[in-house]
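Visitor: I would like to learn how to read a model of this kind. Please take me through it feature by feature.

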Amino acid sequence: MRIPECKVRTTYKEASCKSSTGRPGTGRSLYSGFPRRPDSLSAFTLPAIPAREDFLGHPKGVYVCFFTEMWERFSFYGMKALLLLYLTKYHLFGDNAGLDLLGAYGGLVYCIPVIGGLLADRWLGMRKAVVFGGILLVLGHAGMAFEGTAAVNVGGVVTRDEGALRYTYLSLALIIMGVGFLKPNISTIVGKLYEADDPRRDSGFSLFYAGINLGALFASLVCGYLGETLGWKYGFGAAGVGMLLGLVLFLWGQKYLHGHAEPREPALLRESVLGMRREWVIYLGAVLGVVPIAWLMWAAGNGAFALGGELSLALMLMLLVLVVVLAWFAWFITTQCTPVQRQQMLALMAMIFMCLVFFTLYEQTYGSWVTFTDRLLTKDIAPSLVRPLVPFEWTSNWADNLMLFVHTAPWSTYSLLLAPLSFMLAARLSDRSPESKVPRLLFIAVTLVMFVCLARDCIVLPQTAGSLTYLGAFFLVVLAPLFAALWAWLGRRGRDPSKPFKSALGLMFGGLCFIPLALAAQQVGTTGEMASVWWLVLAYLILEIGEMCLAPVGLSAVTQLSLPRVVSLMMGTWFLATAFSETLAALFGKLASVEVDAEGAFDVAAAAAGYAGLFWKLMWIGLACALVALLVSPLLKRMMHGVK
């Protein structure tokens, strides 16, 4: 599971940024292209958060952000775990069309946050941006729950419910726009809850990242399972309900944010623009922007206006943005940087490119890995312990259906509801009795219950191709503390590898992770029988080792190597690289497309050969890029000029 956030180094007290020469720079929040004004609302007027509002060693507002982001990631990854399977199995899209839509969706999801962050930092403020983004996300997920009539294939002619698909394209566009407003601002709020020199800051972000990973972990188990067992609309609907709960919790917890998410200059929002208040112009512009994005989704899914059948409109839009960014970058480093700064910025761009390559490999987990698992692998981790799914039928009685859902849904569904409620109760009890241990014990007990439910669902529930995507977040949660301890241990001995070397290691593991899957595909081609799911488990383990080496390093490099006045644009470049990785991953996934007939049958040997060929290609691409990165890592280290 990717972590496309960074440790925001600014608070309303203005954390000091250091330029490459070591001099303090102008404090700026992430995505800001604008300096703060002395007369604006800032921590110059906002008091520090009182110590009595701490909970388990951190401000209560951090937990508000934790659960909000947990639900947002739950909704996003829950939907993503189902999307390709939903398109290919319910609406009978071909692999190519399904991957094209998945790639366009994933690419635009990581392009729009650049705009949302800029609007929030300059005018809206983070609270308004998060609330607006949350509303769009809830509407988008609600639309995805409208599945319409299943497609039919008669004599090779597929008839689809085009009305339902229009809802799907519009819903995807709403989700893209909603993520654009919510995602870049939640992490920024966390940074503002700590003083600039607060030693708890790093651990606070680690806690926040745990929310991201837990959201992704539970999303696959809950949404992936519900979508493929109870019905697609239940998987998508669960994602929408999760986002709604996250939005409610965020609004409930405003008192714990102490005004740190408010607009810097509220008067600017009341100014008249085009005959309307600026705030409503922003909202209206975003809503109107959903329409062309929905059209881009339709074009991607139908192969319309694609040059050579591969270059979609969405990809052309991203290429245009890339050209603009690269032109700006060339101008900036040649005219605005000292020689040292220029080398640091070039080193950063090289590391961003490494991240692009890695995440192109990584995003196969929601593309070719999902279809490969669905078609050619067994699903259950411990088959002897799995509780068989009892056949059932929905009735016209809503009460009976509700009870059926309660008895069938994963236990994690209820633990996800219990955790935020327990925090809300514990926070209020802590407000009344700050010294009491009861709130802490309550919250810790519920957390343990969550993990018990999680373990049960991983072992007892019959897994699906969608639900097994939980393995990425699972290994990330397990490996994170181990790698943190490893880097600290090496650092104390002066042997902590450089950032470029760690990135090269990440690319190496990103390539190696395809070996188990290639061997599994070859086994299927030889025997004609499904290969063991443990090949997939091993692949995920190797892949997440690579992510732990590379992803945190890349994010850290953006904040350390960028000049303070352009850190927002460089973080935008990071997001743009992430967007391209989504689209490129879809293009590679199409190399292993499988032709499925009207009865849902396919040539197993040909499919296995196609998947094996793709996985071996991606392995060699990963290893070749890793070798190049390893060879240039000493040069990049020198170009960083002492930045660790």
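Predicted model: local features only at pLDDT ≥ 70, side-chain atom pairs only at ≥ 80, totals over all residues.

Guide: Residues are numbered from 1 along each chain as its sequence is written, and side-chain values use heavy atoms, with hydrogens and water left out.

Visitor: What is the mean pLDDT of the protein chain?

Guide: pLDDT is the predictor's confidence in each residue, from 0 to 100. Here the chain mean is 83, and 89% of residues reach 70 or more.

Visitor: Where does pLDDT stay under 50?

Guide: That happens over residues 3-45. Contact means heavy atoms within 4.5 Å; the model has 127 contacts beyond four places in sequence for this stretch.

Visitor: Is threonine 371 buried or exposed?

Guide: Buried means under 20% relative accessible area, exposed over 50%, partly exposed in between (1.4 Å probe, protein chains only). Threonine 371 has 6%, so it is buried. Leaving out residues up to four places away in sequence, threonine 371 touches Leu84 and Tyr611.

Visitor: Which residues have the most contacts inside the largest nonpolar core?

Guide: A nonpolar core is a set of buried Ala, Val, Leu, Ile, Met, Phe, Trp, Tyr and Cys residues joined through side-chain atoms within 4.5 Å. The largest one has 199 residues, and Tyr105, Trp369 and Met570 have the most contacts inside it. Beyond four places in sequence, methionine 570 touches several residues, among them Trp328, Phe329 and Ser562.
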